[in-house]
Amino acid sequence: AALPRMVRATARREYDGGLRLALMAAATAYIASPIDLIPELPLMVLGLADDAVLVAWLAGSVLAETERFLEWETRRGQVIPGHAVP
């Protein structure tokens, strides 16, 4: 449920997750794509290994980034918007 909020906050440039979201989107596109750097058919296990590594990385990244976003969201409610005066 936090993922759509994170995408919206990133799109509005309120949250700094742009690069991480872009990498996660690229990994998702690679996994879903029929084109592979290491093809499954001729290389069998190695062809599936690159996808498995990306799925594991993607799952960990989504969990870590969602947790980071939820912490940011909590802290954000405690901050009064404005500008620092030197």
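In the predicted model, the side chains of R5 and E73 are joined by a salt bridge, with an N-to-O distance of 2.9 Å. Because R5 belongs to helix α1 and E73 to helix α4, which spans residues 45–76, this pair ties together parts that lie 68 residues apart in sequence. Both partners are partly exposed: the relative accessible area is 31% for R5 and 26% for E73.

Side chains of opposite charge can pair when their charged atoms come close. With a side-chain nitrogen of Lys or Arg required to lie within 4 Å of a carboxyl oxygen of Asp or Glu, the count comes to seven salt bridges. Among them are two that involve E14. One is formed with R12, the closest N and O atoms being 3.4 Å apart. In this pair, E14 is partly exposed, with a relative accessible area of 33%, whereas R12 is exposed, at 51%; the cut-off for an exposed residue is over 50%. The other salt bridge of E14 is made with R76, again with 3.4 Å between the closest N and O atoms. This pair links distant parts of the chain, since R76 lies in helix α4 and E14 in the loop between α1 and α2, 62 residues apart. R76 is partly exposed, with a relative accessible area of 41%. Salt bridges with shared partners also join D16, R20, E65 and R68 into one network.

The loop that contains E14 also holds R13, which is placed between α1 (residues 2–11) and α2 (residues 18–32). R13 follows α1 and has a positive phi, near 60°, although the residue is not a glycine. The relative accessible area of R13 is 77%, and the residue is therefore exposed.

The secondary structure of the protein consists of four helices and zero strands. From the N terminus on, the order of elements is α-α-α-α. Within α1, the buried residues are A2, M6, A9 and T10. These residues cover an arc of only 100° around the axis and therefore lie on the same side of α1. The buried residues of α1 pack against α2 and α4. Helix α1 is thus connected with α4 in two ways, because R5 of α1 is paired with E73 of α4 and the buried residues of α1 pack against α4.

At the level of the whole protein, buried residues make up 23% of the 86 residues. Among contacts with a separation of 6 or more, 58% are accounted for by residues 24 or more positions apart. The accessible surface of the protein comes to about 6500 Å². Carbon and sulfur atoms contribute 71% of this surface.

Terms used. Residues numbered from 1 in each chain as written. Predicted model: local features only at pLDDT ≥ 70, side-chain atom pairs only at ≥ 80, totals over all residues. Heavy atoms only, no water. Buried < 20%, exposed > 50% of the residue type's maximum accessible area, 1.4 Å probe, protein only. Contact = heavy atoms within 4.5 Å. Areas by Shrake-Rupley, 256 points an atom, 1.4 Å probe, with all protein chains shown as cover. Arc of directions from axis to C-beta.
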